[in-house]
Amino acid sequence: MNTERHDTGLKIRRRVLGDDYVERALSGRDTFNSEFQELVTEYCWGKVWSRSVLSDKQRSLNNLSMLAALNRGDEFKIHVRGALRNGCTLNEIRDTLLQVAVYCGVPAGVEAFRRAREVFDAEGITPEA
């Protein structure tokens, strides 16, 4: 394990997803999944999210597109929260999901809008009528 990259990844992971989420993910470590948690922290967050070409906001919108296209609902909702933490507006999230519907299919868009709304409701965010 690259300790410096892991530490950087953990810092970024906490910043984007929040301390509570990361603590829950890490508290579930055991001999079966601990190497997976290290991999995610070191490579996803420490190697890719630490790059400076794209902003965290851009990375969040990219993730929403990919996760919606792949129908990864739980991860999608985690990253909707991350997108909000990274300063993405409801308009930016909406336009990203409209693009998903056009390029990945309306059912993917329907599911993405539904799951985003679940996050907004849980976070007390009410889009304007």
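I take contact to mean heavy atoms within 4.5 Å. I am working from a predicted model.

**Entry: α1 against α5**

I began with the contact of α1 with α5. On the α1 side I found R14, R15, V16 and L17, and they meet I78, H79, G82 and R85 of α5. I sorted the residues of this contact by type and got 3 nonpolar, 2 polar and 3 charged.

Next came the geometry of the pair. Two packed helices are described by the angle between their axes and the distance between the axes. For helix α1 (residues 3–17) and helix α5 (residues 73–85), I noted axes that come within 7 Å and cross at roughly 90°. I call α1 roughly perpendicular to α5 because angles of 65 to 115 degrees count as such.

**Entry: α5 itself**

I checked the length of α5 against expectation. With 13 residues at 1.5 Å a residue, α5 should span 18 Å, and I found its end C-alpha atoms 18 Å apart, which agrees.

Which residues of α5 are buried? My list reads G73, F76, I78, H79, V80, G82 and A83. I then looked up their packing partners: the buried residues of α5 pack against α1, α2 (19–27), α3 (34–48), α4 (56–69), α6 (90–104) and α7 (106–122). I78, H79 and G82 turn up again here, as they are in the buried list and also meet α1.

Just past the end of α5, I stopped at G87, which takes a positive phi of about 90°.

**Entry: K77**

What does K77 touch, leaving aside its neighbours within four places in sequence? I found R115, E118 and V119 in contact with K77. I also looked back along the chain to L67, 10 residues away from K77, and noted 9.2 Å between the C-alpha atoms of the two.

**Entry: cysteines**

How many disulfides does the whole structure hold? My search of it found 0. A disulfide is a covalent bond between the sulfur atoms of two cysteines, so I looked up the sulfur distances next.

For C88, the closest cysteine sulfur is in C104, 17 Å away, and that is too far for a bond. The cut-off I used for a disulfide is 2.5 Å between the sulfur atoms. Starting from C104 I came back to C88, again at 17 Å.

Are these two cysteines buried or exposed? I logged C88 as buried, because its relative accessible area is 6%. C104 came out partly exposed, with a relative accessible area of 40%.

Note on methods: Residues numbered from 1 in each chain as written. Predicted model: local features only at pLDDT ≥ 70, side-chain atom pairs only at ≥ 80, totals over all residues. Heavy atoms only, no water. Axes fitted to C-alpha atoms, helices over the stretch in contact; angles between N-to-C directions. Helix = DSSP H or I, 4+ residues; strand = E, 2+ residues; numbered from the N terminus. Parallel < 35°, antiparallel > 145°, perpendicular 65-115°, else oblique. Nonpolar A, V, L, I, M, F, W, Y, C, P; charged D, E, K, R; others polar. Expected span 1.5 Å × (residues − 1). Buried < 20%, exposed > 50% of the residue type's maximum accessible area, 1.4 Å probe, protein only.
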